[in-house]
Amino acid sequence: MTLRPNQRQKLDDTDDRLFYAYPRFVTHVDDGFIQQLTDLYRDRLKPNTRIIDMMSSWVSHLPEEIEFAHIEGHGLNAEELARNPRLNHYFVQNLNDNPQLPLQDQDFDAVLICVSVQYLQYPEAVFSEIHRILKPGGIAIISFSNRMFFQKAIQAWRDASEAARVELVKHYFTSVPGFTTPEVIVRQSTMPYFLQLMSIGAGDPFYAVIAHRNSNS
């Protein structure tokens with residue numbers, strides 16, 4: 001399945017670089033989500049490896065105690081990326097204009113995308129690039145919640161339920177030959193729904209879809 005043209009559309013179709021021109025030094029998910037993401041990174045990422053944090057900003061949520069050989073950053077706001085203390089290098093590029101990454105083949109052990117996958121208009125092309133730059137056996141971790149800049153998310157994401165968004169990201173992986181079967185991690189609030197409606201015990205749901213580049217691909 002390939003996304004239809006209307007499913008790639010955004011409510012705000014102006015240049016993304018204009019929307020992200022002003023730096024936002026905030027986190028777009030709550031502390032509970034961030035802790036779960038950091039714990040996941042701690043569990044799945046190995047020390048002294050090469051990481052790229054795609055669609056990043058001023059913070060990467062990586063475990064402070066783990067040293068990596070190199071952390072590459074990518075995003076749309078240079079000021080945010082320059083503030084990120086974990087990045088060894090960064091570059092600015094609008095993936096909706098040009099999904100081809102200026103990076104060497106099989107150069108990274110891990111690719112991370114945190115709470116940004118919903119903005120990709122050509123995810124199949126971007127995930128093909130993720131496969132290209134990953135080393136055989138390398139890991140890709142795509143994490144997201146239910147928050148978004150609604151006007152900048154693609155229609156396929158806006159119209160989908162949270163469960164359907166998980167399936168959408170799984171499809172992005174399976175649309176590219178050479179990834180392992182995606183693994184899904186879902187952690188939602190355990191509080192009764194009526195209490196969540198009153199913001200009692202509510203927290204951002206945590207979703208992660210994980211796959212590896214096949215060792216022989």
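Visitor: Which residues of the largest nonpolar core touch the most other members?
Guide: In this predicted model, the largest nonpolar core has 38 residues. Strand 1 (50–54), strand 4 (108–114), helix 4 (123–133), strand 5, helix 5 (155–158), helix 6 (162–174) and strand 7 (206–212) each supply at least two residues of this core. Those that touch the most other members are Met54, Val117, Phe127, Ile130, Val169 and Phe173.

Visitor: Which helix gives the most to this core, and with how many residues?
Guide: Among the elements that each supply at least two residues to this core are helix 4, helix 5 and helix 6. The element that gives the most, with five residues, is helix 6.

Visitor: How many of the residues of helix 4 are buried, and what covers them?
Guide: The buried residues of helix 4 include Val126, Phe127, Ile130 and Ile133, and also Glu124, Glu129 and His131. Eight of the 11 residues in this helix are buried, which leaves helix 4 mostly covered. What covers these buried residues includes strand 1, strand 4, strand 5 and helix 6.

Visitor: How many Å apart in space are proline 136 and arginine 213, C-alpha to C-alpha?
Guide: Arginine 213 is among the residues in contact with proline 136. The two are 77 residues apart in sequence, and their C-alpha to C-alpha separation in space is 5.4 Å.

Conventions:
Residues are numbered from 1 along each chain as its sequence is written. This is a predicted model: local features need pLDDT of at least 70, side-chain atom pairs count only at pLDDT 80 or more; totals for chains, interfaces and linings use all residues. Side-chain values use heavy atoms; hydrogens and water are left out. Contact means heavy atoms within 4.5 Å. A nonpolar core is a set of buried Ala, Val, Leu, Ile, Met, Phe, Trp, Tyr and Cys residues joined through side-chain atoms within 4.5 Å. Buried means under 20% relative accessible area, exposed over 50%, partly exposed in between (1.4 Å probe, protein chains only). Helices (H or I, at least four residues) and strands (E, at least two) are DSSP runs, numbered from the N terminus. Lists of a residue's contacts leave out its neighbours within four places in sequence.
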